[in-house]
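Here's a quick briefing on a protein model, written for someone who likes cut-offs spelled out. Have a look at the coordinates first, then read on.

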Amino acid sequence: MITRKRLAAGTCALLATLALGGLSPAQAYADETDGPAPKVELVLDVSGSMRARDIDGDSRMAAAKQAFNEVLDATPEDVELGIRTLGANYRGDDRKTGCKDTQQLYPVGPLDRTEAKTAVATLQPTGWTPIGPALLKAADDLGSGDGTKRMVLISDGEDTCQPLDPCEVAREISAKGIGLTIDTLGLVADAKTREQLSCIADATGGTYTSVRHKDELTDRVGQLVDRAADPVVTPVAVDGAAQCADAPQLKPGLFTDREKFGEHRYYRVDVEPGKELRASVSVAADRAVNRDYGVLLRAVTTHGREIVRGQESGDGRTDVISTGLRSPKPEQSGDDDEAQPETVCLQVSNSYSAPASVKTTPGLPVELTVDVVDGPDNASDVASFGLGHGWWLLAALVVVGFLAGVLWGWISRWRIAVWRTN
């Protein structure tokens, strides 16, 4: 018994040593920027329709409060955050008064989590849906100075204060050139609400997300707040081609496009010897689509031979599908000083389909990221590089498994010998 305990302890120690030996220490990077702090304002619809109990058996208002509490806990320290409401105070039927009902619940600035949570806890679904006026006030809250500025609008219905069209308001905000991005989230939104919220987001380069579950709302709001702390990258509009020969030439960067349902679009990237192409693509369903769809990203040669692919699928519970790939090009042997870069064609395909009542134009929004970095030491073994540090852990586990098998076999033979002797 003592021998087996010592063996188990020794095996565990060996496993820990080998596993730790195969992992390289994490490196910490400090982001030392002297620019203005990023600013975010959450704009929440508190109109009467937020009483509806159709998000995981709870009300839309309760789901929003839960999401806000969790997001406030996770907000980065360097982000200045504010909260504005619309339709939270006026209960009457006077349209003119109801369309002025927007209030800054918590000012944009350094976040006091307790104070912000207390303010959110007092909200009750009340009145109208003045989205346009709320957008104008929120833009003033964020100011016109330098630095990242983001607005996250959460609503479950259309603006009820026409003719002040919130889509036109978003275009006016964008035309001011203050660098404000508006992201929108629709809570159990119908077709008209989706169209309006998508238009608001598109006007400022933001995103629209349809939400039907609490965890989706929390995750998406958290992502958008975190994104404000990231360096600002302005995507470049590009038109993909129907075949590789006509595809636009891309440099490393972030690109946007539109792709029809079931379409294939091509883009070209030059990869020099010793470099590695890294690419990712996201396709968003900005309208109602049929269930079961997928996105495919392929790296192919100019002659159509596939090099590597990445693919992902969905079943109707998400609005964005993303996938990526890595394609290293080995160094050329010999003293050839005229080594030429290889042209790689990126093919983006989707298998979305739309119900008969849904418009298929314009196409679905596509976001394509391209980067070319120094390649790994052995670019011929593509499969191993995708494992990262896990490759060393896998090798360590193989060695540990082999040694444990040998030791266990030796102990078994020894026990049988002792049994026969006795």
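The link of Cys167 and Cys199 is left-handed, with -40° about the S-S bond. Keep in mind that this is a predicted model, where local features need pLDDT of at least 70, side-chain atom pairs count only at pLDDT 80 or more, and totals for chains, interfaces and linings use all residues. Numbering runs from 1 along each chain as its sequence is written, and side-chain values use heavy atoms, with hydrogens and water left out.

**Disulfides**

- A search of the whole structure turns up three disulfides, a disulfide being a pair of cysteine sulfur atoms within 2.5 Å.
- Counting bonded cysteines along the chain, the pattern is 1-2, 3-4, 5-6.
- Cys167 and Cys199 are joined with an S to S distance of 1.6 Å. This pair links distant parts of the chain, with Cys167 in helix α6 and Cys199 in helix α7 (residues 191-203), 32 residues apart. Helices (H or I, at least four residues) and strands (E, at least two) are DSSP runs, numbered from the N terminus.
- Are Cys167 and Cys199 buried or partly exposed? Cys167 has a relative accessible area of 5%, so that one is buried, while Cys199, at 22%, is partly exposed. The scale goes like this: buried is under 20% relative accessible area, exposed is over 50%, and partly exposed is in between (1.4 Å probe, protein chains only).
- Cys99 and Cys161 form a disulfide too, with their sulfur atoms 2.0 Å apart. Cys99 sits in the loop between α3 (95-98) and β3, and Cys161 in the loop between β4 and α6 (166-175), so the pair ties together parts 62 residues apart in sequence.
- The S-S torsion of Cys99 and Cys161 is about -100°, so this disulfide is left-handed. Both cysteines, Cys99 and Cys161, are buried.
- Cys244 is joined to Cys345, S to S 1.6 Å. Cys244 is in the loop between β7 (236-237) and β8 (253-259) and Cys345 is in strand β14 (residues 342-350), so parts 101 residues apart in sequence get tied together. Cys244 and Cys345 are both buried.

**The six-stranded sheet**

- Six strands make an open sheet with mixed pairing, in the order β3-β2-β1-β4-β5-β6. Two strands count as paired if DSSP finds at least two bridges between them.
- Why is one side of β3 (102-109) and of β6 (208-211) left without a neighbour in the sheet? These two strands stand at the edges, so each has a single partner strand.
- From one strand to the next, the twist averages 15°. Axes here are lines fitted to C-alpha atoms, for helices over the stretch in contact, and angles run from 0 to 180 degrees between N-to-C directions.
- Strand β1 (residues 39-45) pairs with strand β2 (residues 80-86) in the parallel sense, over seven bridges. Glu41 has Gly82 as its bridge partner in β2.
- Helix α5 (residues 131-142) packs on this sheet, touching β1, β2, β3, β4 (149-155) and β5 (180-187), and its direction makes about 155° with that of β4. Contact means heavy atoms within 4.5 Å.
- Thr184 is found in strand β5 and, at 1% relative accessibility, counts as buried. Leaving out residues up to four places away in sequence, Thr184 touches several residues, including Leu153, Leu197, Ile200 and Tyr208.

**Helix α4**

- In α4 (residues 113-121), Ala116, Ala119 and Val120 are buried. Looking down the axis of α4, the buried residues fall within an arc of 100°, so they line one face of the helix. The arc is that of the directions from the helix axis to the C-beta atoms.
- What covers the buried residues of α4? The cover includes α2 (60-74), β2 and β3.
- Thr114 and Ala121, on the other side of α4, are exposed.
- At the start of α4, a side-chain oxygen of Asp112 reaches to within 3.2 Å of the backbone nitrogen of Thr114.

**The four-stranded sheet**

- Another open sheet has four strands, ordered β9-β14-β11-β12, with antiparallel pairing.
- β9 (264-271) and β12 (306-314) stand at the edges with a single partner strand each, so one side of each is left without a neighbour in the sheet. The twist averages 15° from one strand to the next.
- β9 and β14 pair in the antiparallel sense over eight bridges, and Tyr266 has Gln347 as its bridge partner in β14.

Note on methods. Polar contact = N/O pair within 3.5 Å; in protein donor to acceptor, adjacent residues only side chain to side chain.
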